[in-house]
Amino acid sequence: MNTIFRKSVLSVAGLAFAGGVFAGPIAAHAAAPVEGKPVAVAVQAAAPKPQGDQSHITLNDEQTANAKAIIAATKKAGLPERAAVISIATSLQESKLENLGHLGDMNDHDSLGLFQQRPSSGWGTPEQITDPAYSTTAFLKGLKQVDGWEDMPLTQAAQTVQVSAYPDAYAQWEQQATDLVNQHWNS
């Protein structure tokens, strides 16, 4: 579905929903008198729906610790849960949440760590990039420079920071990243 059509559909759906939320209670009150105290109605925005087919891997203790380190760095940076979801999904795509060192012939240039960041591209030294807190903070610094990252699809936000040869690959990890953040944000 192209972007303009999708935005049009979402806009119409949003207007229909808002009309139902606001007109529904008004119409109900017009039909019958209300006795007692008024009831407050809260409208909560739904979390973004993951795009496309979703992948999932079973995490070992090291991978879970790395997910928790990403969440801790996100909190320390004062950013919301959405930033942690984008960060974890990015790391799932780049390294499967494994803090990778140099992989020899299998290495993509000089890419290292959870986010496969490159010292030659200015992400930091090899020692810094393989520190989960540092690499997450570096990723988040890039994310904060993306105008509107909070509202864009996860894969677009991640790709803008990472500049991957596979720009749509991040989307497949959104559900697992969301689940990890939901599980560990308050722990």
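V163 is found in the loop between α6 (154–162) and α7, where helices are DSSP runs of H or I with at least four residues, strands are DSSP runs of E with at least two, and both are numbered from the N terminus. The model is a predicted one, in which local features need pLDDT of at least 70 and side-chain atom pairs count only at pLDDT 80 or more, while totals for chains, interfaces and linings use all residues. Residues are numbered from 1 along each chain as its sequence is written, and side-chain values use heavy atoms, with hydrogens and water left out.

**Overall make-up**

- The protein holds 7 helices and 0 strands, and from the N terminus on its elements run α-α-α-α-α-α-α.
- Of its 187 residues, 34% count as buried, a term that stands for under 20% relative accessible area, with exposed meaning over 50% and partly exposed in between (1.4 Å probe, protein chains only).
- The accessible surface of the protein comes to about 11,400 Å², of which 57% belongs to carbon and sulfur atoms; such areas come from the Shrake-Rupley method with a 1.4 Å probe, and for residues only the protein chains shown count as cover.
- Among the contacts in the protein with a separation of 6 or more, 59% are accounted for by residues 24 or more positions apart, where contact means heavy atoms within 4.5 Å.

**Helix α6 and the residue that follows**

- Helix α6 is mostly covered, since 7 of its 9 residues are buried, and these are L154, T155, A157, A158, Q159, V161 and Q162.
- What covers the buried residues of α6 includes α3, α5 (132–144) and α7.
- Just after α6, V163 takes a positive phi of about 55 degrees, although V163 is not a glycine.
- With a relative accessible area of 63%, V163 is exposed.

- Q116, placed in the loop between α3 and α4 (126–129), has a positive phi of about 50 degrees although it is not a glycine.
- The relative accessible area of Q116 is 14%, so Q116 counts as buried.

**The packing of α3 against α7**

- Two packed helices are described by the angle between their axes and the distance between the axes.
- The axes of α3 (residues 81–95) and α7 (residues 174–184) come within 8 Å and cross at roughly 130 degrees; axes here are lines fitted to C-alpha atoms, for helices over the stretch in contact, and angles run from 0 to 180 degrees between N-to-C directions.
- The two helices are therefore oblique to each other, given that angles under 35 degrees count as roughly parallel, over 145 as roughly antiparallel, 65 to 115 as roughly perpendicular and the rest as oblique.
- The contact is made by E81, R82, A84, V85, I88, A89 and L92 of α3 together with E174, Q176, A177, T178, L180, V181 and N182 of α7.
- These contact residues divide into 8 nonpolar, 3 polar and 3 charged, with Ala, Val, Leu, Ile, Met, Phe, Trp, Tyr, Cys and Pro counted as nonpolar, Asp, Glu, Lys and Arg as charged, and the others, Gly among them, as polar.

**A73 in helix α2**

- A73 is found in helix α2 (residues 61–76), and at 7% relative accessibility A73 counts as buried.
- Leaving aside neighbours within four places in sequence, A73 is in contact with A133, T136, T137 and L140.
- A73 and P132 are 59 residues apart in sequence and 8.5 Å apart in space, C-alpha to C-alpha.
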